[in-house]
There are 2 protein chains.
Amino acid sequence: MSERIVTACVVIIGNEILSGRTQDTNLAHLAKQLNEWGVQVREARVVPDVQDVVVAAVNAARTTFDYVFTTGGIGPTHDDITAECIAAAFGVPLVMNEEIAAVIRRRPAPDAVMNARLRMARIPEGATLIDNPWGPQGFRMGNVFVMAGIPRVMQVMLASLEDQLEGGAVTRSRSITAYVSEGEVATALGAVQERHPTVELGSYPFYRDERYGTMLVMRGSDEAALERMAAAVKEAVAAGGEIE
Amino acid sequence: MSERIVTACVVIIGNEILSGRTQDTNLAHLAKQLNEWGVQVREARVVPDVQDVVVAAVNAARTTFDYVFTTGGIGPTHDDITAECIAAAFGVPLVMNEEIAAVIRRRPAPDAVMNARLRMARIPEGATLIDNPWGPQGFRMGNVFVMAGIPRVMQVMLASLEDQLEGGAVTRSRSITAYVSEGEVATALGAVQERHPTVELGSYPFYRDERYGTMLVMRGSDEAALERMAAAVKEAVAAGGEIE
């Protein structure tokens, strides 16, 4: 049952996320989808459209985690600098990719517009493509996957990656909703966590329909261990209040 | 007009964000509120409930940015490790704070429950408190502000901080919605950005009501410069399509 743990870091590139103008939803989608493929998101960073910062974040991430997934900054405008940043991070030049260029040329445009759009065809030398049925592709360079920031485009790019990722253990989860306050069950939960170290037990308080409660979330890759912990958690909280 | 730029990093602590189970909304709220006070969020990190990782992220952030704001991990259960992590990051012991303990003791409970809840009264030696009208306080240690993860609690804690923050330039923004594709205006926008370097010009494509468009967002601290750029952007995109 001790499958390898495969880890990932998500690097979200974009001033609009850091200004609060745009609410990121890509991290949650990536985390859920990647986990189904046996890749666990262990950290995320949100960085501005500033080359030095992006390069440093990508280089730190790609040497620390098995995979890195970036979102944002691959459009045709001056603030789309992700391709340059990845090339700089790997110390390779940007080159025009004819396969992406062909996709871009399918939609006719005056020369000036076409030249601007062709910015999206520049990828780091040695990179391979990430499919996008709707337009210009993303790319993979080493263990770094570079995708769009627009959620529906990011999602369709990600969907094409399953075969390229070598996954390990998949994290399964169980959750129990208990109408008790966290304090009432904290000691018992701490003891349960100690007795079941292979499963991670999270405790999240909530207030809903004028009642306080605690959502208990168990996560781990061993189904039998999860079941054992779930039984222990139920026992631990049953004394305190109603379980849902 | 060259007010000091005051920067911040947000450190979001919690496995539930990295698993995709919980959608973070604290970053966007923090970014918007802090900017109104002249503090610019320049980076964010999402880290798991793992002490070494939290300590490293906090130490990197507090030496790089003027302020650090953490969310999450200050409840009473075993997975709430933020106070320990901040103490470790600063190399000081955790101590029982009597002011927080008094708040916790207001709500009666059996000894075992009270002892668990009193975990929330432990703060790093030398920390000061962040008000919370609804329950146990958060705390400030040096330039690091430690707040709850539950959005409405984080928000009420943040609201109390205005007087403690020394802000600098406030970023103002203008936005223009243009029904043109990014490619059509990319070259013109790049030229506008070059001629107006003090204002940051972001370009965000969208698809709405079956029409493609581009949202142009200008951000900067100088109102006059913003107006000049807005006029230039309008001129640049007017040739391409309808402006809203």
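Guide: Two strands are said to pair when DSSP finds at least two bridges between them. With that in mind, and remembering throughout that this is a predicted model, let us begin with strand 11 of chain B, which covers residues 211-220. Seven of its 10 residues are buried, so strand 11 of chain B is largely enclosed by the rest of the structure.

Its pairing can be followed strand by strand. Strand 10 of chain B, residues 200-208, runs antiparallel to strand 11 of chain B and is joined to it by nine bridges; within this pairing, B:Tyr204 has B:Met215 as its bridge partner. These two strands form a hairpin with two residues between them, and in the turn B:Asp209 has a positive phi of about 45 degrees. Strand 9 of chain B, residues 172-178, is also antiparallel to strand 11 of chain B, this time over seven bridges, and here B:Arg172 stands opposite B:Gly220.

From this strand we can turn to the place where the two chains meet, looking at it from the side of chain A. The contact draws 48 residues from chain A and 48 residues from chain B. On chain A, the elements that each supply at least two residues to the side touching chain B are helix 1 (15-18), helix 2 (26-36), strand 2 (39-47), helix 6 (111-117), helix 8 (182-195), strand 10 (200-208) and strand 11 (211-220), so numbered from the N terminus. Among these, helix 8 of chain A gives the most, with eight residues. Sorted by class, this side of chain A has 21 nonpolar, 15 polar and 12 charged residues.

The arrangement of the two copies can be described quite simply. Chain A is superposed on chain B by a rotation of 180 degrees with 0.0 Å of shift along the axis, at an RMSD of 0.0 Å, and the two copies are thus related as by a two-fold rotation axis. Within chain A, the C-alpha nearest this axis belongs to A:Arg45, at 2.2 Å from it. The same surface serves both copies, since 100% of the contact residues of chain A recur in chain B.

A:Arg45 also leads us to the strands that meet between the chains, because its bridge partner in strand 2 of chain B is B:Arg45. Strand 2 of chain A and strand 2 of chain B, the latter residues 40-47, pair in the antiparallel sense over three bridges. They belong to an open sheet of 12 strands with mixed pairing, in the order 6(A)-7(A)-8(A)-3(A)-1(A)-2(A)-2(B)-1(B)-3(B)-8(B)-7(B)-6(B). Strand 6 (128-130) of chain A and strand 6 (128-130) of chain B stand at the edges, each with a single partner strand, so one side of each has no neighbour in the sheet. Neighbouring strands of this sheet are turned by 20 degrees against each other on average, direction ignored.

Inside the chain A part of the sheet, strand 3 (residues 67-71) and strand 8 (residues 144-147) run parallel and are joined by four bridges, with A:Thr71 standing opposite A:Met147. Helix 3 of chain A, residues 51-64, lies across strands 1, 2, 3 and 8 of chain A, and runs at about 170 degrees to strand 1 of chain A.

Finally, chain A as a whole gives a sense of the setting. Chain A has nine helices and 11 strands, and is divided into domain 1 (6-164) and domain 2 (172-238), whose C-alpha centres lie 37 Å apart. The C-alpha atoms of chain A fill a box of roughly 75 × 40 × 30 Å along the principal axes, and of its 244 residues 47% count as buried.

How values were computed:
Residues numbered from 1 in each chain as written. Chains lettered and ligands numbered in written order. Predicted model: local features only at pLDDT ≥ 70, side-chain atom pairs only at ≥ 80, totals over all residues. Least-squares fit on C-alpha atoms with pLDDT ≥ 70 in both. Contact = placed C-beta atoms within 7 Å. Nonpolar A, V, L, I, M, F, W, Y, C, P; charged D, E, K, R; others polar. Axes fitted to C-alpha atoms, helices over the stretch in contact; angles between N-to-C directions. Domains from an automatic or database assignment. Buried ≥ 20, exposed ≤ 12 C-beta atoms within 10 Å, placed from the backbone.
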